[in-house]
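Please look over the model shown here before reading the points below.

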Amino acid sequence: MGRKRGGIRPSDSSLAVLARRAEAVAVPAGALLAGLAAFSLFLLLLGKSPAEFYALVYKAGFGTWFSWQNTLSRTAPLLLAALCVALPARLGLVVIGGEGAIVLGGLACGALGGALSGLPGAVAIPLLAAAGVLAAGVWIGAVGALRHYRGVNETIASLLMAYIAIALMNHLVEGPFRDPASLNKPSTAPLAEHLRIGDIPGWDVHWGLVAGIVGCLVSWVLVERTTWGFAARIAGGNVRAALVQGLPVGRLVVGFAALGGVFAGLAGVFEVAAVHGSANASLAAGYGYTGILIAFLARHNPLAIIPVAVLLAGFEASSGLVQRRMDLPDATVLVLQGFTFVAILVSETLYGRLRVFTPETWGIPR
Amino acid sequence: MNGTELGLWAIPLAILGGAIRVSTPFLFVSLGEVLTERSGRINLGLEGTLVFGAMSGYAIACVTGLPWAGVLAAAGAGSLFGLVHGLVCSLPRVNDIAVGISLMLLGTGLAYFFGKPFIQPVAPDLPALELGWWSDLPQVQAALRVNVLFPVGILAALLLWWMFRATRIGLLVRVVGDSTDAARAMGLRPAFIRTLATAAGGAFAGVGGAYLSLFYPGSWNEGISSGQGLMAVALVIFARWNPIACLGAALLFGGAGALGPALQSVGIPDGYYLFYAMPYVMTLGVLIATSSPGRAMAGAPGELSISK
């Protein structure tokens with residue numbers, strides 16, 4: 001979306017190029033609106049006011065600086081979780097098990113926190129982050145390896161591995177790593193104060209937001225501006241052609257999947273080190289699943305992930321207020337996400353079929 | 001002989017009983033998925049259909065007091081989800097795997113949304129057959145207390161197998177699933193047949209959900225299914241798209257799922273969560289063992305996106 005780079009050959013009409021870019025923005029935006037419209041209809045059928053709903057979302061998600069900070073705090077894990085879908089998608093992989101990588105990243109961070117508490121924060125925090133990122137990267141990298149070397153369907157495998165990761169976390173926080181002081185909610189021992197990651201100065205938002213935005217920018221450069229990204233796009237389009245060209249498809253598949261896992265793992269690390277303070281069941285909060293929707297809405301473009309993640313974080317931030325004011329269940333956001341998701345997939349069929357955007361309309365014979 | 005003398009024999013007995021109890025939803029979802037995949041589509045959304053079927057079945061049974069009305073409602077809701085999946089996937093250039101994921105989220109979301117008021121009330125259970133009447137042992141009686149839907153599922157498996165083998169409908173589904181071009185050449189409408197097959201497959205998954213909420217575990221809550229629908233999809237690959245093999249695979253997966261509770265029932269509580277993860281690990285293992293890189297899997301429908 002909004003790519004402003006070259007590629008305009010002399011024979012191209014710049015209007016046609018512009019039309020193609022306009023299509024890349026207009027179709028997903030239209031789908032998003034259609035999804036919201038379908039959800040409005042759903043609310044009307046239930047006798048609730050869509051206007052009130054959206055007004056509350058605006059108020060609780062974006063209305064004040066306070067609500068903006070709430071939204072941005074929730075944006076951090078969503079950005080990183082969406083990258084776990086968008087990066088493997090460049091190679092044609094549909095990985096939906098980011099939730100497992102978040103859990104493992106957080107678990108590794110929480111479990112090692114006690115052992116590293118003797119070290120100064122400047123040494124220990126990077127080590128904790130590295131441990132979380134490594135565990136998650138290996139986890140999703142394995143999904144890519146299974147796909148490439150064994151032909152195992154990555155969608156099913158990644159979701160199964162997410163369930164396994166959550167079971168592993170439950171086992172470890174209730175058994176070997178349980179802090180005896182955590183009675184109601186089994187957790188690892190809380191991280192020492194100097195191992196916690198704080199807020200961005202002047203903001204009530206932790207550093208995960210910066211990490212997420214940097215992650216998106218780095219991913220965009222990787223995908224759009226490097227030979228690896230170019231090779232990945234070729235392999236994603238046609239594996240056989242890529243193999244004939246001598247591209248290392250296996251390494252690309254595993255590498256992009258593992259990098260996606262690294263980002264999701266980082267989300268888990270921030271959830272533990274900056275939000276919860278210890279690893280527990282709160283890690284499986286569904287960020288991984290919302291991340292899937294964000295990546296699809298952004299059409300797997302890392303830059304587009306940023307605004308989409310902020311928007312969906314705003315919806316999640318407003319969930320509590322909507323529940324109280326409109327007497328709607330907490331699953332309302334899930335229903336909204338479901339409608340939007342179906343709408344964005346239906347919109348895939350529109351590309352190249354809307355006359356306004358076709359090159360012919362703008363004077364290029366084909 | 002009384003119950004306490006059963007000793008360690010209680011474990012295999014509990015696993016057998018558990019396998020029958022746990023396998024029924026697997027069986028129904030996998031039969032539905034076999035029908036869908038044989039027509040050349042994959043529906044990952046059956047996980048959402050299962051959860052919505054569980055909610056709608058429970059809700060209708062609660063309101064009407066008739067558990068079978070609940071089963072019927074769940075089947076209807078399931079076929080509606082299947083219909084939506086089938087119609088959306090009929091559009092050109094729409095990815096059926098992605099649509100499945102979106103309907104998985106929508107199905108669970110809608111189920112949680114409408115299911116909130118039904119978490120407390122108690123719905124009437126589906127009737128059970130007491131196949132353990134010949135034994136005095138309470139454990140044997142408990143293990144062989146089989147729900148009516150289990151034999152119904154076995155019957156459905158046999159019927160589907162016969163349908164694919166010997167009927168015109170079965171042949172149409174298979175042709176459409178193996179080659180869109182051949183089907184078109186025969187004057188068939190592939191998208192139409194696939195949509196019907198997906199809707200029928202959704203109805204099966206809905207019934208599987210009703211079993212969850214109306215018999216075992218027998219109540220509606222938001223954690224009622226954790227991936228059973230998805231595991232059933234993997235199970236279909238393992239069963240090589242054969243309805244009869246689905247029955248065996250469902251029992252095997254059910255047994256793996258029953259391992260944790262069975263060990264717990266004889267007082268081995270250690271590693272509860274690890275045993276709980278057994279079915280996932282087993283499904284993954286089975287997927288790894290049965291998949292093959294490069295070439296299509298034996299028995300796979302030719303138009304299936306996961307095997308192409």
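This is a predicted model: local features need pLDDT of at least 70, side-chain atom pairs count only at pLDDT 80 or more; totals for chains, interfaces and linings use all residues.

1. Residues are numbered from 1 along each chain as its sequence is written, chains are lettered from A in the order in which they are written, and side-chain values use heavy atoms, without hydrogens and water.

2. Chain B has 13 helices and 2 strands (DSSP runs, H or I of at least four residues for helices and E of at least two for strands, numbered from the N terminus). Its radius of gyration is 20 Å, close to the 19 Å from the globule rule for 308 residues, so chain B is as compact as a globular protein of that length. The radius is taken over C-alpha atoms, and the rule is 2.2 Å times the number of residues to the power 0.38.

3. Of the 308 residues in chain B, 57% are buried (under 20% relative accessible area, 1.4 Å probe, protein chains only). Among contacts in chain B with a separation of 6 or more, 76% join residues 24 or more positions apart; a contact means heavy atoms within 4.5 Å.

4. In chain A, helix H10 covers residues 249-276; its 28 residues should span 40 Å at 1.5 Å a residue, and the 39 Å between its end C-alpha atoms agrees. The expected span is 1.5 Å times one less than the number of residues.

5. Is H10(A) enclosed or open? Of its 28 residues, 21 are buried, so H10(A) is largely enclosed by the rest of the structure. Just after H10(A), Gly277(A) has a positive phi of about 85 degrees.

Definitions and conventions. Buried means under 20% relative accessible area, exposed over 50%, partly exposed in between (1.4 Å probe, protein chains only).
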